[in-house]
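This report considers a predicted model. The sections below take up a helix residue, a nonpolar core and a nonpolar surface patch in turn.

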Amino acid sequence: MLDIFMTDLKNWLIPIGLIVLFMAIRGGIRERTVLILLIFNIALSDQFSSQALKPIFKRVRPCNALEDVHLIVKRSKGKSFPSYHATNMAAMAMVFAW
C-alpha cells in the first residue's frame, strides 16, 4: 500500500507546494533560480516525452500486454515508454547537478 501512496501525485501536492513557497519567499537568488529552472526543465521534459517520444516508441504497458495480471491500481491505457516519472526526475537531477 505504501507504493500506491508514494506514486499518487495528490499526496505530494501540499509538501511540494510548501517547498516551492518557501523557496520563492525565503530563498535567495540561488534558490529562486533553481526553482525557475526546475519548473521550466520539468515542463519541457514532460511535454517532450509525452508529445515526441511516446508516439515514436508506442510501447504497450506490461499490464496490458500480459495476461492474468492482477492490478492494485486503475489500469492505464497510455503508453509506457518513456516513463514520465523517470523523465521528470532526470530533468530535476540535471538542474541539481548544475
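## Thr 87 in helix α5

Thr 87 lies in helix α5, which covers residues 84–97. Its relative accessible area is 19%, and because buried means under 20% relative accessible area, Thr 87 counts as buried. When residues up to four places away in sequence are left out, Thr 87 touches Ser 45, Ser 49 and Pro 82.

## The largest nonpolar core

The largest nonpolar core has 5 residues in all, namely Met 23, Val 34, Leu 35, Leu 38 and Val 95. Helix α3, spanning residues 29–57, provides the largest share of this core, with 3 residues. In soluble globular proteins, nonpolar side chains tend to be buried together.

Val 95, a member of this core, is in contact with Val 34, Leu 37, Leu 38 and Asn 41, once its neighbours within four places in sequence are set aside.

## A nonpolar patch on the surface

On the surface, Phe 5, Met 6, Leu 9, Trp 12, Leu 13, Ile 16 and Val 20 form a nonpolar patch, and together these residues have about 630 Å² of accessible area. Helices α1 (2–7) and α2 (13–26) each supply at least two residues of the patch, with α2 giving the most, 3 residues.

Met 6, one of the patch residues, is found in helix α1. Is Met 6 buried or partly exposed? Met 6 counts as partly exposed because its relative accessibility is 43%, a value that falls between the 20% limit for buried residues and the 50% limit for exposed ones.

Terms used:
Residues are numbered from 1 along each chain as its sequence is written. This is a predicted model: local features need pLDDT of at least 70, side-chain atom pairs count only at pLDDT 80 or more; totals for chains, interfaces and linings use all residues. Side-chain values use heavy atoms; hydrogens and water are left out. Patches are made of residues with over 30% relative accessible area and no salt bridge: like charges are joined within 9 Å, nonpolar side chains (Val, Leu, Ile, Met, Phe, Trp, Tyr) within 5 Å. Accessible areas come from the Shrake-Rupley method with a 1.4 Å probe; for residues, only the protein chains shown count as cover. A salt bridge is a side-chain nitrogen of Lys or Arg within 4 Å of a carboxyl oxygen of Asp or Glu. Helices (H or I, at least four residues) and strands (E, at least two) are DSSP runs, numbered from the N terminus. Buried means under 20% relative accessible area, exposed over 50%, partly exposed in between (1.4 Å probe, protein chains only). Contact means heavy atoms within 4.5 Å. A nonpolar core is a set of buried Ala, Val, Leu, Ile, Met, Phe, Trp, Tyr and Cys residues joined through side-chain atoms within 4.5 Å.
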